[in-house]
Structure formats: structure tokens, C-alpha cells
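Have the sequence and the model open as you read.

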Amino acid sequence: MGTSASSTGPNNKSPLIPSWAEQGDPVTIEPASGTDGDDQTGSDNNQADDQNDNSNDIDNDKVQQEIGGSPTATLPPNRFASARRAFGKYAQTGGSTSDLRRSLKNYSRKGSGGGKSTSRRLASGITAGSGLLGVMRGDTVTVNNQSLSLGDLTGLSTDQAIDKIASHLAPDNADSDAVRVALDYALEEALPDTEEFDPNSFTDEVIQEAIGCYLTDLIFQDVVEGMGRAWFHVEPASKHHQMEVELRELIKVITQEQLDKVTNGNPSTISKENITKIQADAIAMTVDEWESFDD
């Protein structure tokens with residue numbers, strides 16, 4: 001990412017759930033003109049049409065309601081200390097993946113507030129991820145009175161299409177850059193490596209891969225930010241890239257496993273009716289899984 005060594009990260013007084021994760025502009029998902037929405041992909045999950053005017057809207061408040069719960073009232077003192085200490089050891093010469101796993105375990109138990117709090121903190125990303133599914137399924141996705149569908153990407157290169165999707169869905173808040181980076185990463189990883197963008201590339205398998213990579217990068221960036229000053233301990237400097245690769249890969253393996261669990265191994269079950277819950281559950285289950293790591 002190129003940003004992991006540039007921030008001191010949150011401190012012990014930082015809220016688990018920032019204010020912008022609880023409010024924001026809605027993303028509206030509707031069938032594109034002349035289509036039947038999700039049904040065009042072979043999924044039968046949209047047979048019950050939405051009747052309420054706002055039923056296709058998703059925003060951070062709805063994400064928070066879907067996740068449920070509330071931020072921990074009393075935050076643990078020095079809640080980042082143990083995670084950053086282990087991560088700092090991992091960053092030094094001789095540091096191992098055992099130190100990394102110990103760091104993630106402590107980050108889940110103390111620093112991040114656990115899986116559900118992490119999902120709530122990443123609500124802006126979940127909202128954008130719901131819009132991403134809409135675009136990939138062929139729906140029209142409207143944000144800030146601007147609409148986008150696959151038809152608008154015809155004739156673009158794959159890189160141009162990815163940039164247009166990411167720019168359209170990135171929220172207008174402090175999470176904008178993180179969400180944009182995650183969208184770029186997910187689509188670059190999932191789409192075929194072709195010069196010209198092909199709207200028909202979004203098979204169920206590609207969609208599941210994109211969502212898995214997207215959630216991976218959201219979680220990855222949350223950890224990078226959470227470790228803060230611990231990145232300053234990297235020795236030698238050449239280890240920096242290796243650390244990012246190892247951290248992302250460890251998160252990706254677990255995230256893909258959890259996503260497979262919540263979709264029962266059937267990517268065609270992912271729909272605009274359940275995408276918010278799928279993302280929130282996969283994030284929470286990934287972070288909670290870290291607590292089972294051996295010290």
C-alpha cells in the first residue's frame with residue numbers, strides 16, 4: 001500500500017467506531033433498464049421483488065443495524081500495546097510469522113474490540129461493497145445522484161473500468177481512500193487480465209473472488225492502521241514489502257474460508273438482499289478466528 005509506515009495509528013482514546021462509520025450517503029441499487037437485476041446471472045434469490053421505496057437503499061446506519069450491538073463503553077487501557085509489541089518484534093530482524101499471529105490475536109482481543117466491532121468500524125466499506133455487488137450483478141448503482149451500470153463501462157479498458165467503479169463507490173468520508181484502494185485491489189485480482197473490459201466477466205465465481213479480495217483488503221488496511229508506530233521498527237527496510245505480503249496473505253486465506261462458510265460454498269447465493277450480512281459476518285468471523293491462534 002505504501003502507507004503502512006507513515007501513520008502512528010489510533011491511540012487508546014480513539015473510539016472503536018468513528019462517527020463517519022455510523023452515517024453517510026446511501027447507495028441505491030436497482031435493476032438496470034431492460035433487465036431483471038440479479039436474475040440475469042442465474043440466481044433465483046430475487047423472486048420476491050422489493051415493495052418499499054427505500055428497500056434498495058443501503059447506508060452506514062442500515063449496516064450498523066444489521067450488525068447490531070454497540071461499541072464497548074469502557075475501552076481496555078493501553079489496548080493496542082500487546083498487539084503492537086508483538087508486531088514490532090515481527091518487524092525486526094529475526095521476527096517470525098508466530099510474532100505476526102500473536103499480534104493479530106492480541107489485536108482482535110483488545111485493540112480492535114473483536115470481530116463485530118471491526119465490522120461496525122468498516123461500515124463504509126460494507127456499504128460500498130454492497131454497491132460493488134450491484135454493479136457486478138448488472139444493476140444500476142446510484143451514489144450522490146450519479147448512476148453507474150455495466151453499460152457505462154462498455155468500450156473502456158479493464159483498468160479504466162476498475163477506476164470508474166472504484167471512484168463511483170468510494171464514500172465521501174475519511175474512509176474514502178481505504179475503500180478505493182480495496183476496490184482497486186479486489187477487481188484487479190478477480191477480473192481476467194485483458195486489455196478491454198468485458199462486462200460478461202462477472203461470473204458467480206469472479207464475483208465471490210472479488211468480494212473475498214475486497215474484504216481482505218479492508219481488514220488488511222484496518223490492521224495496518226491499528227499497528228501504527230510498530231511499523232517503524234522494520235529492520236531491514238527491505239523487509240517492509242515482505243511483511244505486507246505475508247500479512248495480506250494470512251488475512252486473505254482466513255477471509256476466503258469464512259466467506260465460503262457464510263455462503264455455504266455457493267457463490268450464486270450472494271444477492272443484494274444478503275450482501276450486507278455476508279460482508280459483516282465474514283469480517284467478524286475472520287477477526288474472531290485470530291483469537292484461536294497459538295501464542
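This is a predicted model: local features need pLDDT of at least 70, side-chain atom pairs count only at pLDDT 80 or more; totals for chains, interfaces and linings use all residues.

Residues are numbered from 1 along each chain as its sequence is written, and side-chain values use heavy atoms, with hydrogens and water left out.

Q: How far apart are the end C-alpha atoms of helix H5?
A: H5 covers residues 123-137, which is 15 residues. The expected span is 1.5 Å times one less than the number of residues. That should give 21 Å, and the end C-alpha atoms agree, at 21 Å.

Q: How many residues of H5 are buried?
A: Buried means under 20% relative accessible area (1.4 Å probe, protein chains only). H5 is mostly covered, and its buried count is 15 of 15.

Q: Which residues of H7 make the contact with H5?
A: H5 and H7 (residues 176-190) pack at about 35°, with axes 10 Å apart. Contact means heavy atoms within 4.5 Å. H5 brings Ser124, Gly125, Ala128, Leu132 and Met136, and H7 brings Val179, Leu183 and Leu187.

Q: Is H8 oblique or parallel to H10?
A: H8 (residues 204-227) and H10 (residues 275-289) pack at an angle of about 50°, their axes 11 Å apart. Angles under 35 degrees count as roughly parallel, over 145 as roughly antiparallel, 65 to 115 as roughly perpendicular, and the rest as oblique. So H8 is to H10 oblique.

Conventions: Axes are lines fitted to C-alpha atoms, for helices over the stretch in contact, and angles run from 0 to 180 degrees between N-to-C directions. Helices (H or I, at least four residues) and strands (E, at least two) are DSSP runs, numbered from the N terminus. Buried means under 20% relative accessible area, exposed over 50%, partly exposed in between (1.4 Å probe, protein chains only).
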